[in-house]
Amino acid sequence: MTDQRPRRALISGITGQDGSYLAEFLLDKGYEVVGLVRRSSMVSFERIAHLQDRLTIVSGDLLDEASLIEALQQHRPAEVYNLAAQSFVQTSFGQPVLTGETTALGVTRLLDAIRIVDPSIRFYQASSSEMFGKVREVPQTEDTPFHPRSPYGVAKVYGHWITVNYRESYDLHASSGILFNHESPRRGLEFVTRKITHAVASIYLGRQRELRLGNLEAKRDWGYAGDYVKAMWLMLQQDQPDDYVVCSGETHSVREFCELAFAHLGMDYQEFVVVDEAFMRPAEVDLLVGNADRAERTLGWRREVGFGDLVAMMVDADVDLLQGKLKGLS
Ligand code: NAP
Ligand code: GDD
């Protein structure tokens, strides 16, 4: 007789952008979803408030291995998605040790907890195109060598290789998704896309006069977060674990993003954008563009939202948010 119980998944980083979309996606598939949340004096459940009565929340921190072992023992998930990280590149220059503890060693703590509690758990690691850094080839694939340009990128390279190492050493079903930048109306306000769309909405409504940005020439391969969480799930449904690049295959500059976002509300970005040294990085990633052939062929994954639609979606959502039409986040 086959097991009819719903599959259970544990998501670290469930309060983040991707965690909220992945939780929605898994709940729609009939999963029981357990979210690992670290203790803080104020809860940050904004992105998952609409899901809260369908989720189980467990306390745990990537800095504390015992809490991870406890969470796994208590809930016995079949799949673990490790999305938790100190994920902001700029902050990683100011807090390199904390970034390493969370974004690098945190992965080892979670993998080790899985090895101890139940090595049959399937594991997803949120790796990043930031690992390619000063790119060695264009476009980047799973075989492109890494050359990270920030403490965050270095930490992600460690997280990537420890995932491969646990797969090879202990035969864990551990996969690494090398995801290129993905955005949404739920993106944190410090990341450039959301900083731009929020400012565009605010300027349009007469609440802000200018937008101060750093390097306008950096190019990124931007996609929609809602499309990318599906690839995470698909990786854990394969017979064999592997590494996969997930991207749109297109690259656009920060300047182009500004141009489109302001134009969406009939404005010219040149009248409002001011370049400010404060937002420049000690070392920059100039160009990212990926090749998702493996994910498309093996997983059957396709992105659905294109660049123009993504920009329009984010600007419209920020106008609604500032006008009070959205209570939380769409
Ligand atoms: P995000 O919005 O910054 O969310 C990060 C999550 O990690 C939050 O839920 C945060 O919890 C949690 N967290 C941080 N430190 C923790 C700790 N010590 N213990 C437990 N939880 C902790 O990031 P995201 O954009 O959703 O990205 C998800 C993952 O994908 C990250 O690992 C990121 O590095 C990676 N990634 C993202 C992209 C992208 O373009 N978005 C691309 C490639 C890879 P709090 O709410 O308590 O802060
Ligand atoms: N944040 C920010 N703020 N970035 C700016 C600004 C600004 O005012 N002005 C220019 N930029 C440039 C940055 O220098 C960078 O080249 C680019 O915009 C994108 O910056 P972010 O949106 O902060 O994202 P990121 O590419 O550094 O990192 C994101 O993507 C990675 C995947 O490649 C994060 O989500 C990482 O967690 C993720 O791994």
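This is a predicted model: local features need pLDDT of at least 70, side-chain atom pairs count only at pLDDT 80 or more; totals for chains, interfaces and linings use all residues.
Which residues are the closest to ligand 2? They are Ser87, Ser128, Ser129, Tyr152 and Arg281, out of 23 that surround ligand 2; a residue is near if one of its heavy atoms lies within 4 Å. This shell holds 10 nonpolar, six polar and seven charged residues. Here Ala, Val, Leu, Ile, Met, Phe, Trp, Tyr, Cys and Pro count as nonpolar, Asp, Glu, Lys and Arg as charged, and the others, Gly among them, as polar. Domain 1 (8-182 + 222-246) and domain 2 (187-221 + 250-287 + 305-322) each supply at least three residues to the shell, with bounds from an automatic or database domain assignment.

## Meeting ligand 1

Around ligand 1 there are 25 residues, and Thr15, Asp18, Arg38, Ser87 and Tyr152 come nearest. Backbone atoms make contacts with oxygen atoms of ligand 1: a polar one of Asp18 at 2.8 Å, a polar one of Leu83 at 3.0 Å, and an N or O atom of His182 at 2.9 Å. The protein covers 89% of the 910 Å² of accessible area that ligand 1 has on its own.

Helices (H or I, at least four residues) and strands (E, at least two) are DSSP runs, numbered from the N terminus. Strand β5 gives the most, with three residues. By class, the shell around ligand 1 has nine nonpolar, 11 polar and five charged residues.

## The sheet

Now follow the strands. Seven of them form an open sheet with parallel pairing, in the order β3-β2-β1-β4-β5-β6-β11; two strands pair if DSSP finds at least two bridges between them. Because β3 (55-59) and β11 (243-246) stand at the edges with a single partner strand each, one side of each has no neighbour in the sheet.

Strand β6 (residues 174-179) pairs with β11 in the parallel sense over four bridges. In this pairing, Gly177 stands opposite Tyr244 in β11.

Most residues other than glycine have a negative phi, and most peptide bonds are trans. Arg76, in the loop between α2 (65-75) and β4 (79-82), has a positive phi of about 45 degrees although it is not a glycine. Pro139, in the loop between β5 and α5, is joined to Val138 by a cis peptide bond with omega of about -5 degrees.

## Reading the numbers

Residues are numbered from 1 along each chain as its sequence is written, while chains are lettered from A and ligands numbered from 1 in the order in which they are written. Local features need pLDDT of at least 70, side-chain atom pairs count only at pLDDT 80 or more, and totals for chains, interfaces and linings use all residues, while side-chain values use heavy atoms, with hydrogens and water left out.

Technical notes. A polar contact is a pair of N or O atoms within 3.5 Å; within protein, one must be able to donate a hydrogen and the other to accept it, and residues adjacent in sequence count only if both atoms are side-chain atoms. Accessible areas come from the Shrake-Rupley method with a 1.4 Å probe; for residues, only the protein chains shown count as cover.
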